[in-house]
Amino acid sequence: VQLQAFGGGFVQTGGSLRLSCAASGNGFSSFVMAWYRQAPGKQRELVARITPGGSTEYTDSVKGRFTISRSNTARRGYLQLNSLKPEDTGVYYCNAARGGLDYWGQGTLVTVSS
């Protein structure tokens with residue numbers, strides 16, 4: 001599976017963005033799909049995760065603001081970012097994992113100005 005993330009950009013506090021992750025290859029529907037982010041000078045952290053069946057989980061700091069979704073037929077994952085804050089700034093990576101398999105996209109930069 002190859003992943004390509006896009007949709008990042010520069011927004012002001014309170015703005016919104018929609019990130020997309022396009023998957024190529026077979027089996028996307030059986031992978032857990034996730035979004036991680038890495039802020040400048042910080043470690044990469046899990047933002048949100050969605051199972052093949054659609055169950056979701058979020059890190060506490062984004063609950064109520066971000067929404068993860070997926071389309072297995074389109075082989076795409078999405079992350080809707082609302083009410084953005086400067087602390088949401090970072091490179092966002094999509095990830096697909098199943099058993100011992102772990103795939104990463106190249107990252108897309110989100111910058112939120114204060």
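Start by selecting strand 3 (residues 17-24) and strand 8 (residues 76-81), which run antiparallel to one another and are paired over six bridges. Strands here are DSSP runs of E at least two residues long, numbered from the N terminus, and two of them pair if DSSP finds at least two bridges between them. This is a predicted model, where local features need pLDDT of at least 70 and side-chain atom pairs count only at pLDDT 80 or more, while totals for chains, interfaces and linings use all residues. Residues are numbered from 1 along each chain as its sequence is written, and side-chain values use heavy atoms, with hydrogens and water left out.

**Around strand 8**

Click on C21 and look across to strand 8: the bridge partner there is G77. Follow the chain through the hairpin of strand 7 and strand 8, where four residues lie between the strands and R75 takes a positive phi near 55°.

While you are here, show the side chains of R18 and Y78. The charged end of R18 sits over the Y78 ring, 4.1 Å from its centre; the test is that NZ of Lys or CZ of Arg lies within 6 Å of the ring centre and within 35 degrees of the ring normal.

**Into the core**

Next, select M33, W35, F66, L79, L81 and Y92. These are the residues with the most contacts inside the largest nonpolar core, which has 25 residues. Such a core is a set of buried Ala, Val, Leu, Ile, Met, Phe, Trp, Tyr and Cys residues joined through side-chain atoms within 4.5 Å. Several strands each supply at least two of its residues, among them strand 1 (2-6), strand 4 (32-38) and strand 5 (45-50). Strand 3 gives the most, with four residues.

Zoom in on M33. Which residues does M33 contact, leaving aside neighbours within four places in sequence? They include C21, F28, A48, I50, I68, G77 and C94, with contact meaning heavy atoms within 4.5 Å.

**The aromatic stop**

Three aromatic pairs turn up in a search of the whole structure. Select Y93 and W104 for one that is edge-to-face, at 6.5 Å centre to centre with 85° between the planes. The pair joins distant parts of the chain, with Y93 in strand 9 (residues 90-98) and W104 in strand 10 (residues 101-104), eleven residues apart. Rings of Phe, Tyr and Trp (its six-membered ring) pair if their centres lie within 6.5 Å; planes under 30 degrees apart count as stacked, over 60 as edge-to-face and the rest as tilted.

Buried means under 20%, exposed over 50%, and partly exposed in between (1.4 Å probe, protein chains only).

**Two last selections**

D60 is in the loop between strand 6 (56-58) and strand 7, exposed at 60% relative accessible area. Its side chain makes a polar contact with that of K63 at 2.9 Å; this is a pair of N or O atoms within 3.5 Å, where, within protein, one must be able to donate a hydrogen and the other to accept it, and residues adjacent in sequence count only if both atoms are side-chain atoms.

Finish at S113 in strand 11, which is buried at 17% relative accessible area. Leaving aside neighbours within four places in sequence, S113 is in contact with F10, V11, Q12, T13 and P86.
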